[in-house]
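Please keep the structure open while reading.

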Amino acid sequence: MSLDIQQIRADFPILDRKVHGKPLIYLDNAATSQTPMSVVNEISRLYTTEKANVHRGVHCMSQEATASMEASREKVRGFINAESVQEIIFTSGTTEALNLVASSYGALLKEGDEVILTQMEHHSNIVPWQLLQNRRGIVIKVVPVLDDGTLDLDTYHTLFTDRTRVVSVCHASNVLGTVNPIAEMAEYAHSRGAVFCCDGAQGVPHTKVDMKALGVDFYAFSAHKMYGPCGVGVLYGRREILQKMPPYQGGGEMIGHVSFKGTTWAELPYKFEAGTPDFVDIAALSKAIDYMEMLGIDNIATYENELLEYAAARIREIKDIRIFGTAPHKCAVLSFLIGDAHHYDTGILLDRLGIAVRTGHHCAQPLMERFGIEGTVRASFAVYNTREEIDTFIKALRRVAEMLG
Ligand SMILES: *Cc1c(COP(=O)(O)O)cnc(C)c1O
């Protein structure tokens with residue numbers, strides 16, 4: 001099925017606005033995607049008719065709010081094909097989900113235990129492990145990135161020892177777009193007795209994600225990058241492993257019984273959900289999933305790939321363009337530099353022309369160091385972007401190249 005992009009765009013009124021008097025061309029989707037009216041309306045409906053704290057109310061509205069939140073948990077479970085709703089933990093985002101894993105699974109690690117990361121990780125999949133390193137004396141090892149932006153898998157295999165406990169890798173790079181072979185990497189980690197955690201912030205928005213097929217132990221993602229609301233993330237965790245882990249934070253919701261003699265924990269997944277959750281946005285996440293499923297995730301992926309290929313071919317028309325990330329299997333992210341022009345200047349000039357791109361290190365400074373640069377310009381696409389927008393973007397880049405060249 002091919003998608004009707006004009007009809008899709010009508011679901012995102014923000015796309016009709018102007019910036020500096022020019023029609024907005026929004027190419028910063030890897031930072032956050034826009035939100036369709038079905039999600040906005042659901043947030044509005046919940047605030048207007050159903051706002052009550054979840055899980056502890058006898059009254060009708062509290063029970064309705066609880067039902068909406070738990071229905072969303074079941075929706076997420078089905079969406080990523082997890083075994084049980086006990087494996088779906090709501091967090092504030094990918095960052096919190098990864099901190100939860102590093103902190104709580106990390107509490108089971110001992111000095112000298114090893115964690116394998118990669119050179120293309122987002123800071124949120126690096127710094128939590130460094131905090132753990134400071135607390136527990138673990139050792140961090142890093143899989144290098146090859147020139148085309150793929151992982152050096154031969155080296156990956158050689159990094160394992162009998163002390164390797166955790167491997168944590170992004171599903172797709174937010175800078176290079178590289179989609180990593182997660183199922184194979186997880187299978188190898190398991191064969192060496194390590195658990196496998198995947199940062200799926202750039203996976204879920206662009207591709208069908210199936211916990212059983214990927215075979216990972218943890219998978220983290222953010223609602224705001226998949227057409228959903230801000231402030232909500234998901235941590236999938238395999239039940240047997242979550243059961244062994246101590247709580248991440250203490251407070252309401254996460255307890256069985258509290259006494260000054262000793263406190264017991266709630267059942268999964270509540271053990272890991274201390275305090276009042278963002279129940280409105282959690283409930284509204286289910287509408288974002290409905291939206292993606294209505295379009296069809298394979299249709300979204302196919303269309304975004306077409307856009308990426310078109311943009312990648314056309315951008316090569318620009319003189320002195322340098323593209324970072326040319327892996328055969330990519331999600332819709334295009335990082336580049338024009339000649340010696342500073343990424344920031346390029347971004348500012350594009351903004352004056354109504355085009356929103358991201359510039360800088362993209363929370364991946366070790367990757368910048370790998371390529372010997374300080375930052376890139378990044379254009380990232382979503383299902384509502386069009387070829388016409390890419391044509392305008394290329395024309396604008398030509399102008400920018402002339403001005404800065
Ligand atoms: C955006 C992003 C994160 C962090 O997500 P938050 O929503 O800011 O918590 C982590 N990893 C990758 C690959 C990302 O793109």
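The side chains of Arg314 and Asp391 form a salt bridge, 2.7 Å from N to O. A salt bridge here is a side-chain nitrogen of Lys or Arg within 4 Å of a carboxyl oxygen of Asp or Glu. The structure holds 19 salt bridges. This is a predicted model, in which local features need pLDDT of at least 70 and side-chain atom pairs count only at pLDDT 80 or more, while totals for chains, interfaces and linings use all residues. Residues are numbered from 1 along each chain as its sequence is written, and side-chain values use heavy atoms, with hydrogens and water left out.

**Arg314 and Asp391**
- Arg314 lies in helix α11 (residues 297–315) and Asp391 in helix α14 (residues 387–404), so the bridge ties together parts 77 residues apart in sequence.
- Helices (H or I, at least four residues) and strands (E, at least two) are DSSP runs, numbered from the N terminus.
- Arg314 is buried at 18% relative accessibility, whereas Asp391 is partly exposed at 29%.
- Buried means under 20% relative accessible area, exposed over 50%, and partly exposed in between (1.4 Å probe, protein chains only).
- Salt bridges with shared partners join Arg314, Glu317, Asp391 and Arg398 into one network.

**Arg73 and Glu273**
- A salt bridge joins the side chains of Arg73 and Glu273 at 2.8 Å, N to O.
- This pair links distant parts of the chain, 200 residues apart: Arg73 is in helix α3 (residues 60–80), and Glu273 is in the loop between β12 (264–265) and α10 (279–295).
- Arg73 counts as buried, at 1% relative accessibility.
- Glu273 also counts as buried, with a value of 7%.

**Lys212 and Glu83**
- The side chains of Lys212 and Glu83 meet in a salt bridge at 3.5 Å, N to O.
- Lys212 sits in helix α8 (residues 211–214) and Glu83 in the loop between α3 and β4 (88–91), so the pair ties together parts 129 residues apart in sequence.
- Lys212 is partly exposed at 48% relative accessibility, and Glu83 is exposed at 53% relative accessible area.

**Ser380**
- Ser380 is in strand β17 (residues 376–380) and is buried, with a relative accessible area of 1%.
- Its side chain reaches the backbone nitrogen of Ala30 at 2.8 Å.
- Leaving out residues up to four places away in sequence, Ser380 touches Leu27, Asp28, Asn29, Ala30, Ala332, Val333 and Asn385.
- Contact means heavy atoms within 4.5 Å.

Terms used: Polar contact = N/O pair within 3.5 Å; in protein donor to acceptor, adjacent residues only side chain to side chain.
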